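Okay, thanks for coming, everyone. Let me put the model up, and then I'll walk you through a few spots in it.

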Amino acid sequence: MSGGPDDTLPADWAVLGKHQGRSMGYEVLAGSFSAASAGRYLFSATTGTPDDRDPAGALPWLVFLGTVPDEPGPACAVVETTWDGTRDATGAAGFSWGLVLLEWEQAGAAALTWTGLGRGAAALRLPAESGDRLPLPAAPADADELAATVEELGFGWAAGVAALLLDGRRVVITAPPGGTLPDPDTRVRILDAVCALLPYGCRSWLSGATWTGKSDHQLRLVFASAARTGQQEVPLGGPPPEPRGDAARGYLAELWRVRQKEQPTASVVAHLLASTAIVPVQDAASALQVLREMDLLGSVVGDIRHGRGSLTDVARLLRLHPMESLKEQHQGTLLSFLFLCVRGPDGHRARELLEEHWPRRAARLLADEILALGATGESFGLARRHLGLLREFESGHPGAFDELFTALVTGSGGNPVWIGELIAYVERTHAHTSAAADRLVMDQNEVGHAWLSSLMDPNRDRSPLSRIVAVALAEGLASWPGWLRYGGVLTGQLTPDRADESDAADFMGSQGDGGGWRAALEIARDHRTPAAISPAWPALRQALRGAHGRDVLPLLDAVAPPEATDLKPRVAADADLLHLLVPANGTGNAGGNGPGIGSGTGARAAAALPRLRRLAGQPAIDAYADAVAGRLRTDPVLKDPVVDALLGDAPDAVGWSVLRRLTWRISSVESTLLEGLATRLASPAYPPWLDLDLSAEMVERLECRPGLAWLRPARDLRAATGNFQSLNDWCGIFAGACRGHAVGSHALYEFGLAVAKLGLAFSFDVSVALETRRPGLGYDLYRALHESGRYPELVQRLRDHSLEEVRRHRRLLADLGLPQSPAAQPVAPPPDPGWRQGPPEHYGRPALTSGHPAPYDPAPPGYRPAPIPAPVPIPAMPQQSPDMPEDAAAADYDESGEPRRFKPGRPRLRKRPR
């Protein structure tokens, strides 16, 4: 670039016009450079023939140009349209266009604007003949003057028009409604002021005019009476429309931002004038970048906070301003943005910037950003992302992860749920914890509950529970929270006596949806700690009442298997009792009265106490009973199902032992027990229940119930048979059990048992003995046995036995010389059947002494007579006849045949007469 003396610049020039008096078109008449090149500038500035009838369009017109078609590069040019007084051959007035042109680099270096260019051109007198360049006075731009014009126009109006130009619009400034346009010099200042709000480099493609005619043109910012097609009209001082493009709108917003930061308009103009690098046509993004560099830090930070951050802008900022030179708040914003970009498409570049500009207090800055959001879901998610990224940078910045984690859990504003969940998340995801975090979990109950709740979710690793219990043990924790004590029992690190029901409730209550029981049972299953069931009794009982009650039992059985033989009696009792709370058929109220034996659920009830049958030794059974008694005292609704389950379908020694201890410990159990016994004694399957060792008072209370008046005689018959009591006593009891000659079904059944035990000969002796007591009763017994239809095999055997006796007596009579009846046929004795093998000889046919049958002595030691087959199953027994007094069945007859009352209890075993 060559410069002139002082403040002038060498400028090319050219003149377009007509020669005086010649008939010709307009042509380049003179100039300092190529006429072809000059013509391209001059003809680009012609917008129509001036019309002197429009005052606003009075000459001279000024047109400012930057780039014109077919020229290799931009320039800084002004074209003045005037009437030089010449006329052509037709007499028409001739106009001239004078061009003054500077190279782009010259104008940019001198910060020459359209105002200065117009003033400099006005000072020149263009020669009539071609010649050299002319020295152009080049006064540099006055930012204060331009800023004053902007303020005079209104910052919003000038900025809005500038944004429209950046948006690619061709803007026409018209007179305001009811007003006029200013003079040409003021118009130049207006054009220059609008362009001053764009980077100076935009003047390479900008163009403007103080007035335009009616011809088409491509000028971008002009004054005119009205807009033409493709132009955007903006009244002077009127509100300009919004730009269409995002970049142009962003540029307008940035102009307002720097203005609102109390930046003087003159400073903005000066900054933009200094940016002389060419900005490509309509490249709003480049223009915005130039504007932001005035307040690069503020604009970059502002964009980040508004979600418009650019990694390119951040990189440019960090090149100009090192991270450590910025304020901490700005460091935090940039650091957070770079962390966000790491997961995006430009992640590689973001990582490079982080490694290059890692701040010393990175962890603290990230913690401040997270904590500023409060204890919210958003802050928790941000904490998770930042911790995850810090884990990736741990190798290059050791300790940063732990520093951020500790800062978050110790400075989160005291929200315990947020802290507890974050501690659990970090341990679960990153296998990391800290001493400070562990103390918070152990010392602050709400933090511990939130931490524990995270462990209870399905499919979660529960090993942190064992770890935190181990930490508490190692540190000798003085005050253990309840949930931690029960957690120690669950994991087997504490003995069962260290936790109670309130501790278990505290543990399970940490999960708000009531599902804590599931996690507790799963932990106990995994650690094989069935002792944890007992403290959890109330919570498990409540769970059984809920919608997922059926889900409790499989887990319960996994913790305390029914087949286990090493369970503590209390644990076995609690597990069995919990099973009783869920009815076998899946319906009914948990803990309510179960169905009776007759409904077929007794077997299931008995099977509900499998752990009781696995206990070894009476002390363990007694401890089981004591544990059951303890539950019954606090949970009386269990009494009915417990008694029903212990009774079961058939009596057994273990269940009866527990029942007897329960009646001793809790008096109200006896009434429930009697009710269960009465139900079973009234059923067809009553026989085994007669062998129970009932107290006299219980028997008395039972036989007072409707339909059970037969109980005492039947028990006495059973005892007499079992003790091999005398025939006389046995028949006395039997006669007392019969009303007159009616033989009851219960007495008949006991007779069948006695025959099976004592032999067939016993039946004949009973029939004879009964005849002596009550004539006809012996025959009634045989008849009832046949008519009942229940004992067909026994009846057949008695028939065979009687026929054998008949044959024997006939032979004896024949031997005595008594001739046989003609109708009688000799009968050969049948072979001796195996079932005829009976008790010792004195059982076969006892001799009569003193008119009374001889007593039946027990068999010799080791002797077992062949029993007769058991009777067929007994159908439902009829109830006692209504007209039969209850005390009749209890009557007995003494040896003289007089009735007498039996004393309650088992019959005494008589001594054998010597």
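Predicted model: local features only at pLDDT ≥ 70, side-chain atom pairs only at ≥ 80, totals over all residues.

Residues are numbered from 1 along each chain as its sequence is written, and side-chain values use heavy atoms, with hydrogens and water left out.

I'm calling it a salt bridge when a side-chain nitrogen of Lys or Arg sits within 4 Å of a carboxyl oxygen of Asp or Glu. With that rule, we get 49 salt bridges.

Start with Arg718 and Glu750, whose side chains meet at 2.8 Å, N to O. Arg718 is in helix H34 (residues 711–722) and Glu750 is in helix H36 (residues 745–758), so this pair ties together parts 32 residues apart in sequence. Helices here are DSSP runs of H or I, at least four residues, and strands are runs of E, at least two, numbered from the N terminus. Are these two buried or exposed? Arg718 is buried at 14% relative accessible area, and Glu750 is buried at 1%. For the cut-offs, buried is under 20% relative accessible area, exposed is over 50%, and partly exposed is in between, with a 1.4 Å probe and protein chains only.

Next, Arg613 and Asp652, where the closest N and O atoms are 3.0 Å apart. That one links distant parts of the chain: Arg613 belongs to helix H28 (residues 610–613), and Asp652 to the loop between helix H30 (639–647) and helix H31 (653–665), 39 residues apart. Both ends are partly exposed, Arg613 at 31% and Asp652 at 25%.

Glu103 is in strand S5 (residues 93–103), and Arg133 is in the loop between helix H3 (114–122) and strand S6 (134–137), 30 residues away. Glu103 comes out partly exposed at 34%, and so does Arg133 at 35%.

There's also a network of salt bridges, linking Arg292, Glu293, Asp303, Arg308, Asp313 and Arg316.

Now over to helix H15, residues 377–392. Its end C-alpha atoms are 23 Å apart, which agrees with the 22 Å that its 16 residues should span at 1.5 Å a residue; the expected span is 1.5 Å times one less than the number of residues. Its buried residues include Phe380, Leu382, His386 and Leu389. And what do the buried residues of H15 pack against? Helices H12, H13, H14, H16 and H17. Contact means heavy atoms within 4.5 Å.

On to the loop residue, Arg228, between strand S9 (221–223) and strand S10 (232–235). Arg228 is partly exposed, at 36% relative accessibility. Leaving out residues up to four places away in sequence, Arg228 touches Lys214, Ser215 and Asp216. Arg228 and Arg170 are 58 residues apart in sequence, with 9.9 Å between their C-alpha atoms.

Last stop, the surface. Leu813, Leu816 and Leu818 make a nonpolar patch of about 320 Å². Leu813 lies in helix H39 (residues 792–815) and is partly exposed at 39%. Patch residues have over 30% relative accessible area and no salt bridge, with like charges joined within 9 Å and nonpolar side chains (Val, Leu, Ile, Met, Phe, Trp, Tyr) within 5 Å. Areas are Shrake-Rupley with a 1.4 Å probe, and for residues only the protein chains shown count as cover.
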